[in-house]
Amino acid sequence: MKIIVPMAGRGSRLRPHTLTIPKPLIPVAGKPIVHRLVTEITHILDEKVDEIAFILGDPAFFGDDIVESLEALAKSLGAKPTIYRQLEPKGTGHAIMCAQESLEGPAVIAYADTLIKADFNLDKEADSVIWTKKVKNPEAYGVVNLNDKEEITELVEKPTKFVSDQAVIGIYYFKDVGVLKKELQYVLDNNIIHGGEYQINDGIKRMMADGKIFKTGTVDEWMDCGNKEVTVATNKKMLGFIAKSDEQLISEKITNENSEIIEPCFIDEGVVLKNSKVGPYASIGKGTIIENSNVKNSIIQTHSEIKNATLDNAMIGNHATFNGEFTNVSIGDYSALK
């Protein structure tokens, strides 16, 4: 089994954070989105993953440190890491084809801008399984159309009339991903473009037209990380899930001076808390200092300094300085104080 992870996009909706960090590397509950997603998928598959292939963008943005972290992730899961590059933003289908050498045999393709919680068995008799989530407003999503055998017969993008309430979340299993590779090569060779890009859906539709059997795998939780608001909400959900597991959330190597911690929280090593209240649902990155502040339901990344602040539903990046008593402010492009 292989896992193929396209993650070349920069994530404009999560600016300013994604101006310096690719969105899949933004931490949620203390770990990058892509790390949590890939780990969860390996648990769902419940079988050995031999290779994890990551499709990255420009090396100037996806640098050596990112490559090293992804290689370490794959090895920690017992898999061979492979790195590919998509140097031009030509769509999901094009991104997958950048990993041509790995496109053979059983594989899961997962777009690394979402998190899931699921517990189901893949239907290995199907040619493909498209993972879905039941939603209240299917008109806002791409959904699957099912026949009376519960087989997927059609993919419909943002339907104006009710088709189904099963939304496609961007994770797919292929019994032989080489079949998808063949169909996507046809899409590229014949310049089949939608929305100005080559799309995975065009390859899938060709497989369906050829009689391949597609089934659904329904996840229990689908958590978006598309913008600041939903990323903070996802952080809250993940902390709630992890608090019920044996994963350690609060490092033993923190400094706590007259401060209160209300769990669940993630607090990394080297964090200093002074005369503050932290939590619930706060994630604090390595080396950050919080003084005379109240922080809850927020994500603060590494080596930042927060003083005299009351933060709720906030997201602060790395090496940032925030003083709630500020009188002189200088912020960069796309930043906001609200």
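This is a predicted model: local features need pLDDT of at least 70, side-chain atom pairs count only at pLDDT 80 or more; totals for chains, interfaces and linings use all residues.
Let me begin with Ile41, which, once its neighbours within four places in sequence are left aside, is in contact with Ile3, Val108, Ala110, Ile116, Trp131 and Ile171, where contact means heavy atoms within 4.5 Å. Residues are numbered from 1 along each chain as its sequence is written, and side-chain values use heavy atoms, with hydrogens and water left out.

Now to the cores. Ile41 is one of the four residues, with Met7, Phe54 and Trp131, that touch the most other members of the largest nonpolar core, which has 52 residues. By such a core I mean a set of buried Ala, Val, Leu, Ile, Met, Phe, Trp, Tyr and Cys residues joined through side-chain atoms within 4.5 Å, and buried means under 20% relative accessible area, with a 1.4 Å probe and protein chains only. Helix α1, residues 33-45, gives the most to this core, with seven residues; helices here are DSSP runs of H or I with at least four residues, strands are E runs of at least two, and both are numbered from the N terminus. There is also a second, separate core of 26 residues, and Tyr111, Val177, Leu180 and Leu184 are among them.

Next, please look at α4, residues 177-189, and α5, residues 200-209, whose axes come within 8 Å and cross at roughly 115 degrees. Axes are lines fitted to C-alpha atoms, for helices over the stretch in contact, and angles run from 0 to 180 degrees between N-to-C directions. Because 65 to 115 degrees counts as roughly perpendicular, α4 and α5 are roughly perpendicular to each other. In this pair, Val179, Leu180, Glu183, Leu184, Tyr186 and Val187 in α4 meet Ile200, Asp202, Gly203, Ile204, Arg206 and Met207 in α5.

Finally, two single residues. Where does Ala95 lie? Ala95 has its place in helix α3, residues 92-97, and at 4% relative accessibility it counts as buried. Not counting residues up to four places away in sequence, Ala95 touches Pro6, Ile55 and Gln86. Ile26, by contrast, lies in the loop between β1 (2-6) and β2 (27-28), and Ile26 is buried, with a relative accessible area of 0%. Ile26 and Ala233 are 207 residues apart in sequence and, C-alpha to C-alpha, 14 Å apart in space.

Technical notes
Angles under 35 degrees count as roughly parallel, over 145 as roughly antiparallel, 65 to 115 as roughly perpendicular and the rest as oblique. Buried means under 20% relative accessible area, exposed over 50%, partly exposed in between (1.4 Å probe, protein chains only).
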